[in-house]
Amino acid sequence: MQNWCAENREKLLEFGVDYPAVEIREDIGPITNDRTPKHGILIGALRSGNMDKVKALIAGAEAPVLLLSTEGLSNHFYKFPEENLAKLRECFAGIPVELFLVYRDKPKWLKSLWNQAIISYPGTPATFEEYAQLPIVRRLADWEQLKADMMESYGASHVEEVTLEENGWRIPLMDYLNIEDFEESESSEGQHNVSLGADVLEFIRQMNQMRLGPNVRLAMFGLIHEIYNTSNLAFRNAGNWTEKHPGHIRPLDKAIRELGPVSDEDAEKVRQSLLTELEKKLNPA
């Protein structure tokens, strides 16, 4: 959704909706900036308590409706200090705030949340069963309570709820914004962030035990992208970054060998594929 909104930003402005442009910095490793056009400054502000960038975002609005998006507003909600949530409400004082929540089938959502926890730095080594029982995950899974808590903490007067499997998010978003006859950018079609195969995810989960540093971890993601030609945004970004920073493959080779064979047969095939490719890079013919 964020990529679609960014690619259609100028057209949305014609309908009175401002999806603020997001600076995508290429000089920072994608472990720090995943290069997705989402408004992560909201999360930074809620963690630090510094609302200067949020105030600038509001002051710079180019249309009556300011559309902001980042999944961290829900995924990290229970980690935000109350005093920082109060500061955010102060920023929007006098401005009507509404929430547009997109739900998924809950088992699919939970699996997706676990997958993201495996990929996100530093990466969970927990199995799905272990992860699903974590107190924070069980709290996030109580959607009715989460919705009520978010409404109160963000000062929202209304919540628009959409179920992804029923009608996607695009048509409901257009209806919610009262937009008709919208001609979207041709480049905005298609999914930008496709899930990885179970074998690759299981290998990464096993590697998370090694607590790789951010750059070595990026090198692993970049190599996985090179071998498997993934359509996952984080891995494509890592692939582009590691082409310019090849110096981390030797410690990656060391870490994979220290991990040793893994019990999952398919994940072990992934491990062997990476070792084979690393051998070629470290000892070219």
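Reply: Happy to. Confidence is lowest in α15, at a mean of 84, while helix α6 (residues 82-91) has the highest, at 98. The score here is pLDDT, the predictor's confidence in each residue on a scale from 0 to 100. Across the protein it averages 91, and 93% of the residues score at least 70. Helices (H or I, at least four residues) and strands (E, at least two) are DSSP runs, numbered from the N terminus.

This is a predicted model, in which local features need pLDDT of at least 70, side-chain atom pairs count only at pLDDT 80 or more, and totals for chains, interfaces and linings use all residues. Residues are numbered from 1 along each chain as its sequence is written, and side-chain values use heavy atoms, with hydrogens and water left out.

Now to the rings. Those of Phe, Tyr and Trp (its six-membered ring) pair if their centres lie within 6.5 Å; planes under 30 degrees apart are called stacked, over 60 edge-to-face, and the rest tilted. By this rule there are 10 aromatic pairs. One of them joins Phe77 and Tyr154: the ring centres are 5.5 Å apart and the planes stand at 70°, so this pair is edge-to-face. Phe77 sits in the loop between α5 (72-75) and α6, and Tyr154 in helix α10 (residues 143-154), so the contact ties together parts that are 77 residues apart in sequence.

For burial, the cut-offs are under 20% relative accessible area for buried, over 50% for exposed, and partly exposed in between (1.4 Å probe, protein chains only). Phe77 is buried, with a relative accessible area of 4%, and Tyr154 is buried too, with 8%.

Another edge-to-face pair is that of Trp114 and Phe128, as their ring centres are 5.5 Å apart and their planes at 70°. It links distant parts of the chain, with Trp114 in helix α7 (residues 106-119) and Phe128 in helix α8 (residues 128-132), 14 residues apart. Here Trp114 is buried, at a relative accessible area of 11%, whereas Phe128 is partly exposed, at 22%. Elsewhere, ring pairs link Trp4, Phe15, Trp169 and Phe182 into a cluster.

Some rings also have a charge over them, meaning that NZ of Lys or CZ of Arg is within 6 Å of the ring centre and within 35 degrees of the ring normal. The charged end of Lys106 sits over the ring of Trp143, 4.3 Å from its centre. Arg139 lies over the face of Tyr78, and there the distance to the ring centre is 3.8 Å.

From Tyr121 to Pro122 the peptide bond is cis, with omega near 5°, and Pro122 belongs to the loop between α7 and α8. Arg211, which is not a glycine, has a positive phi, near 50°. Arg211 lies in the loop between α13 (198-207) and α14 and is partly exposed at 47% relative accessibility. Asn229 also has a positive phi, about 50°, without being a glycine; this residue is in the loop between α14 and α15 and is exposed, at 60%.

Two C-alpha contacts bring in other parts of the chain. Ala61, in the loop between α4 (52-59) and β2 (65-66), has its C-alpha atom 6.5 Å from that of Asp18, 43 residues apart along the chain. Ala61 is partly exposed at 31% relative accessibility. Ser48 is exposed, at 51%.

Let me finish with the second largest pocket, which has a volume of about 220 Å³. Of its 14 lining residues, Gly222, Glu226, Thr242, Glu243 and Lys281 are the closest to its centre. The elements giving two or more residues to the lining are α14 (214-228) and α15 (233-244). On a 1 Å grid over the protein atoms alone, a pocket is an open set of points where a 1.4 Å probe fits, with protein on both sides within 12 Å along at least five of seven lines, and lining residues have an atom within 4 Å of a point. Grid points are joined across faces, edges and corners, and the volume is the space filled by probe spheres set on them. The lining divides into four nonpolar, six polar and four charged residues. Ala, Val, Leu, Ile, Met, Phe, Trp, Tyr, Cys and Pro count as nonpolar, Asp, Glu, Lys and Arg as charged, and the others, Gly among them, as polar.
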